[in-house]
Amino acid sequence: MTLRRRWSWLLVLLVLASACSAPPGRRSIVTELDPAERAKAEQAYSALLEVERAGDASKTYEAGMALLSQYPGSGDEAHTLLITARAARGLGDSRSEQQLLELLVGEYADSEYAVEGAYELAGLQRDRGDWAGEADALVSFDAHAAEQDPRREGVRARILELLQAELEVEEVDQLLADHPNSAVASTAAWIAALRVFDEGEDPEEAGERLEAFLRDYPRSRYAEDARGLLAALSLEYGRETDPGLAVARADRIGLLAPLTGEYAALGQALFDGALLAVEEHNRSTGAEISLVSRDTRSDEVDAVLAAR
């Protein structure tokens, strides 16, 4: 798209803004403003901030759209996008809000305003029931938010919830393709592989996913579980697997028990008994088996998650 065509398109959108037209979509170029235009853009940005402080969503939206259309690529465009998206929300125009936020997150991923935009976009997608869109926005937020951001813990918990309960395998795959280096990539890949395995409809695909998981994330906390599932596929279906990937460790024994919660006393007794048995076995045989416990928290849902 040429610069002239891009400006014309944005101006048309501004004229149609009162009819809730869509804001600008993704742009492939970032323009450089000459000094005179830059000064005008700064003045327009200052005027936008004043209108925003006045609390008039309609005027804020119009001013933001005007700034975006007249001075694309200005130094304050990221903040302008966020302000205009929030104004669109105040007007009840969720479609424009979404497109402005998506543009912000896509064009200015490292900006502090994009971090806020991603968080707000996730909330918008959640309200719509668009779980894949919510997950995508949350992963973007998690990738760029400051380490001390108090929202990160809740965001990661929500991402895990979406991966486990809401997203289809294809949607998880797309999330991995869009965010291959995210902090939740290994967990997403494991959940997708485990789900295909549990469905039991395509052992070959399950095996391929498990092998790919082990190659990509050999030190994941789920690596030993993946090896165990590969061994199970080999036993049940005769599926040949890279021997180096299929070997499951035999030096650990797992225990699921309610170590906290309503039945913590029973769980602690189970743990103590199992630990005593393992220690006695090691003394009598010279083996070096270790006990690995997972807390079910006296909750059936947590018990299933711990087992996985």
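**Overall fold and one loop**

Mentor: The protein has 15 helices and two strands, where helices (H or I, at least four residues) and strands (E, at least two) are DSSP runs, numbered from the N terminus. This is a predicted model, in which local features need pLDDT of at least 70, side-chain atom pairs count only at pLDDT 80 or more, and totals for chains, interfaces and linings use all residues. Residues are numbered from 1 along each chain as its sequence is written, and side-chain values use heavy atoms, with hydrogens and water left out.

Of the 308 residues, 40% count as buried; buried means under 20% relative accessible area, exposed over 50%, and partly exposed in between (1.4 Å probe, protein chains only). Among contacts (heavy atoms within 4.5 Å) between residues at least 6 apart in sequence, 60% join residues at least 24 apart.

Now the loop. Arg297 lies between β2 (290-295) and α15 (300-307), and the loop between β2 and α15 also holds Ser298. Phi of Arg297 is near 60 degrees, a positive value in a residue other than glycine. Phi of Ser298 is likewise positive and near 60 degrees, and Ser298 is not glycine either. The two residues are then taken by accessibility. Arg297 counts as exposed because its relative accessibility is 53%. Ser298 has a relative accessible area of 24%, so Ser298 is partly exposed.
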